Every structure is written in C-alpha cells, then in structure tokens.
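Take a look at it first, then read on.

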Amino acid sequence: MALLDILHFPDPRLRTKAVAVREVDSGVVKLVDDLLETMYDAVGIGLAATQVNVHRRVVVVDVSEDHDQPLVLINPELIELHGVEEMDEGCLSVPGFYETVSRAERIRVRALNQQGEVFELEAEDLLAVCIQHEIDHLDGKLFVDYISSLKRQRIRKKLEKLEKSRQKK
Ligand code: QAP
Ligand code: CO
C-alpha cells in the first residue's frame with residue numbers, strides 16, 4: 001500500500017475527465033487500496049482517483065463513524081435521483097473550506113466492486129451526497145463549481161497563496 005499525493009484546487013489536472021476501467025485487474029485493485037489508505041490517512045470520507053492524478057473511474061467512500069465501512073465504486077453510474085438536499089461540503093482537494101451545496105437527497109448507483117462484480121446501491125443523506133461529490137470528480141467537477149464565482153475566486157486565491165508558501169520551504 002502507498003500514500004498518494006492529493007492535488008489541490010485550482011490545479012488544472014483536477015479538470016480531467018476520467019476514463020472507464022475496462023477490467024478490474026491487479027493495477028486497479030492496488031489503486032483502490034492506495035486510495036483507501038490515502039483517504040483514511042487524510043481523515044476524509046471520500047476520495048476519487050482524479051484527486052491523486054489517476055484519471056480512471058474509481059472512487060472510495062466511507063461515511064461510517066468508526067471509519068471501518070469502506071465502499072468501493074468502479075465505473076459508478078447514477079441511475080436514479082430523488083429529492084433535493086442542501087449540505088455543507090468540503091473536499092480533500094479544497095482543504096479548509098466548506099460551502100453549502102444542493103444535490104439529490106436519495107440516489108441509486110450502479111458500479112463494480114473491487115472484485116469486478118456489478119452491484120447497485122440505494123443511498124440517502126450524507127452517503128448519497130458523498131457519492132455524487134466523488135462522481136463529479138471523475139468528470140472534472142468540484143463542489144466549488146456550485147458556489148458563487150466571488151466565493152470560488154476567494155478560495156482559489158487563498159489556496160494559491162498557501163501553495164506558494166509551501167513551495168518556498
Ligand atoms: C466529500 O470530502 C464530502 O477541508 C469528501 O481540512 C465532504 O472527505 C461530501 C477534509 C462533506 C459531503 C460532505 C476536508 C479533511 C475531508 C478538509 C472529504 C480538511 C480535512 C473532506
Ligand atoms: Co472532493
């Protein structure tokens with residue numbers, strides 16, 4: 001297993017559209033393991049391969065209290081969306097910032113698991129929001145795309161400044 005570096009907004013690589021996984025081979029299994037390790041290390045509830053600069057359609061999520069219920073979604077597809085819910089969202093690629101975003105409150109998603117088997121899952125509330133947020137990453141979208149451009153620019157400037165002070169060290 002390995003810890004992977006997480007890209008930060010406004011890195012243009014976060015805008016890459018990921019390609020579907022053709023076969024859940026040993027490389028994909030290793031990617032899933034590394035994503036889970038990286039997500040737990042960063043104390044996140046979701047991580048998409050895009051965020052570690054791997055542009056394949058793989059996400060991991062764990063919204064359980066004890067961080068012991070990993071969910072792996074390969075080639076995830078939203079097949080049903082119901083209702084609307086507002087929630088404060090954050091993102092490991094936008095560290096330190098949280099904004100309210102409106103999304104479907106209940107979803108049905110179809111995906112492959114780490115064994116390459118198709119499964120469907122119904123989710124609501126935090127899990128539903130988190131899955132939608134992670135699928136957005138695979139399409140090059142970030143939660144800050146849903147807020148005002150003024151707020152987005154402020155976040156961009158603050159993160160650019162932080163990135164520069166990191167590079168000097
Ligand atoms: C997406 O985000 C999500 O700013 C997953 O300093 C988040 O795991 C969906 C994190 C909330 C719905 C609601 C963010 C950790 C983790 C930070 C995350 C930070 C440390 C974000
Ligand atoms: Co995110």
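## Ground rules

This is a predicted model, where local features need pLDDT of at least 70 and side-chain atom pairs count only at pLDDT 80 or more, while totals for chains, interfaces and linings use all residues. Residues are numbered from 1 along each chain as its sequence is written, chains are lettered from A and ligands numbered from 1 in the order in which they are written, and side-chain values use heavy atoms, with hydrogens and water left out.

## The cobalt site

Three side chains hold the cobalt ion (ligand 2): Cys91 through SG, plus His133 and His137, each through NE2, at 2.1 to 2.2 Å. Donors here are N, O and S atoms within 2.8 Å of the metal (3.2 Å for Na, K and Ca), and as water is not among the atoms, sites may look incomplete. Along the chain the spacing reads C-x41-H-x3-H.

Helices are DSSP runs of H or I with at least four residues, strands are E runs of at least two, and both are numbered from the N terminus. His133 is buried at 7% relative accessibility, and His137 is buried too, at 1%. Buried means under 20% relative accessible area, exposed over 50%, and partly exposed in between (1.4 Å probe, protein chains only).

## Around ligand 1

Of the 17 residues around ligand 1, the nearest are Gly44, Ile45, Gly90, Gly96 and Tyr98; being near takes a heavy atom within 4 Å. Oxygen atoms of ligand 1 lie 2.8 Å from a polar backbone atom of Ile45, 3.5 Å from a backbone N or O atom of Gly90 and 3.2 Å from a polar side-chain atom of Tyr98. For a polar contact, the pair of N or O atoms must be within 3.5 Å; within protein, one must be able to donate a hydrogen and the other to accept it, and residues adjacent in sequence count only if both atoms are side-chain atoms.

Most residues other than glycine have a negative phi, and most peptide bonds are trans. Phe9 and Pro10 are joined by a cis peptide bond, with omega about 10°.

His67 has a positive phi near 55°; it lies in the loop between strand S2 (58–61) and strand S3 (71–82) and is partly exposed at 39%. Asn75 also has a positive phi, about 50°, but sits in strand S3 and is buried at 16%.
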